[in-house]
Amino acid sequence: MFVNRVKEIAWLEQLSLALASGKGMSCALLGLRRIGKTELMLNFRKNHTNENVLMPYLNIQSSMSSPMRFCLDFVHSLLESVCMHQNIKIVYKQSIKMDLPVIAGRLNDDIYDQVILLMTTLDTGEYDEALRITFKLPEMIANLFNIKVLYFIDEFQELHDLKHYKIDPYALMRTVTEKQIHTKYVVSGSIISLMEEIFKDANQPFFNQFNMLYLSPLTEEDSTILATHIWNYDSLSVNDNAFAMVYKLTHGHPFYIVAICERAFFEARFNDAIIDQKLVEYAFIREVMSHDGKLNTLFEYIFNYSISKVERKGALKQPLLILADEDGLTLSEIAKKVNKLSGHLSNLMKSLLKSDLIIKNDKRYYFRDQVLRFWLAKTSLGKSHDMISDTEIAENFISDLKERYLKKSSEYGRAKEFELYYFINENQGQSICGVKNSNV
Ligand SMILES: Nc1ncnc2c1ncn2[C@@H]1O[C@H](COP(=O)(O)OP(=O)(O)OP(=O)(O)O)[C@@H](O)[C@H]1O
Ligand SMILES: [Mg+2]
């Protein structure tokens, strides 16, 4: 089920309308990991098919191994959507490199010539020229078929990696595309600080060239709509307080909502098929803390990825953990806590801002994502902060669950018994919602 994003969809509709009359400005979607950027792009493409506008889609994350890979993937997605538009059925026989000339040949002689030119240019290693040919192709196709092209590029900030080949992909793309009137782009990126640098830094080629749309978390109302959809089973009974707790714990982040609601659904069989706020708290703790939690896995990935991108990784941990414990601190407040001079810490904080984990607002530093902050505080500091205020509820639920589980264990077999005890033992000694597990 796709919830809300009404404002963003209206924006994309306007862009496609403007494009139809040779106007409009390309657009960049920015937002936290898993906030719904890809979902929005795919949903828009699915529900706004327009025979006058081609909407190729490419996630370039897997295309960044070389300029060759990127150019081939870019052209392939484009030609695939032209074929669909022209009702040409394509049968893939070999690799993209082998198939592309065949597909191009079926479309048009000029396109075929460009594809062959691209291949030979790539083979000679003239990557600047290859990128120019690649970015010219959408406009050429628009002119040939009298259509418009709205190209969706996901994980746009990854294009940066082509700089390893001594080319500036953004400068090249800007030079070729800025005067195109039949082609516009909708790009998205998860590394917000990097995306902001691309589009907001006056020294960068794309400065002020794209409209920027920030995807925010869902409202409480939309969070409830999503949870209601996930829990829509006759056999389940859902208390109203469960919905409020989902919103409170997830801050409206759609992926967190889905993960926690699904976990609560599976755990509901131990709670007499009732989903209440205690069960939601328990589902949250399991998702964030346990080895099989989807949020735990996601946060580990985000944390390692973010830190891998910046310098002086080792030294960053200390200020990061200070902020995980208490965010909203100023530079001098953090410096005092880590026992460093403000001047020295200032460089570390710059690296942390680059990691994208932290933002600075009014001279104070905050975690970009409060749920990730909670995870870091729990896993690395073993401390809790006041994210869950009524701490006893989760503790009681786990006690109840254990008691009820022991009664029902014969029904569910040894596997579940092992799983539950593994979880409890695994977290032994760490606090859950501020209460030591060993009390359970
Ligand atoms: N508008 C929405 N309605 C319902 N569910 C959503 C919505 N947006 C996102 N989700 C849920 O969150 C998940 C993550 O969404 P998506 O993959 O689009 O995030 P993303 O921002 O592209 O993530 P990444 O930064 O990792 O690329 C989806 O699979 C879906 O379960
Ligand atoms: Mg995505």
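This is a predicted model: local features need pLDDT of at least 70, side-chain atom pairs count only at pLDDT 80 or more; totals for chains, interfaces and linings use all residues.
Local features need pLDDT of at least 70, and side-chain atom pairs count only at pLDDT 80 or more, whereas totals for chains, interfaces and linings use all residues. Residues are numbered from 1 along each chain as its sequence is written, chains are lettered from A and ligands numbered from 1 in written order, and side-chain values use heavy atoms, without hydrogens and water.

The protein contains 18 helices and 13 strands. Both are DSSP runs numbered from the N terminus: helices are H or I with at least four residues, strands E with at least two. Of its 440 residues, 52% count as buried. Buried means under 20% relative accessible area, exposed over 50%, and partly exposed in between (1.4 Å probe, protein chains only). Contacts are heavy atoms within 4.5 Å. Among contacts with a separation of 6 or more, 71% join residues 24 or more positions apart.

Helix H2 spans residues 37-47. Its buried residues are Lys37, Leu40, Met41, Asn43 and Phe44.

Glu197 sits in helix H8 (residues 192-200). Its relative accessible area is 37%, so Glu197 is partly exposed. Phe207 is 10 residues from Glu197 in sequence. In space, their C-alpha atoms are 8.4 Å apart.

Ser290 occupies the loop between helix H12 (277-289) and H13. With a relative accessible area of 0%, Ser290 is buried. Its side chain makes a polar contact with the side chain of Asp292, at 2.6 Å. A polar contact is a pair of N or O atoms within 3.5 Å; within protein, one must be able to donate a hydrogen and the other to accept it, and residues adjacent in sequence count only if both atoms are side-chain atoms.

Helices H13 (residues 294-308) and H14 (residues 313-325) have axes that come within 10 Å and cross at roughly 125°. Axes are lines fitted to C-alpha atoms, for helices over the stretch in contact, with angles from 0 to 180 degrees between N-to-C directions. The two helices are therefore oblique to each other. Angles under 35 degrees count as roughly parallel, over 145 as roughly antiparallel, 65 to 115 as roughly perpendicular and the rest as oblique. H13 contributes Phe303, Ile307 and Ser308 to the contact, and H14 contributes Lys313, Leu316 and Leu320.
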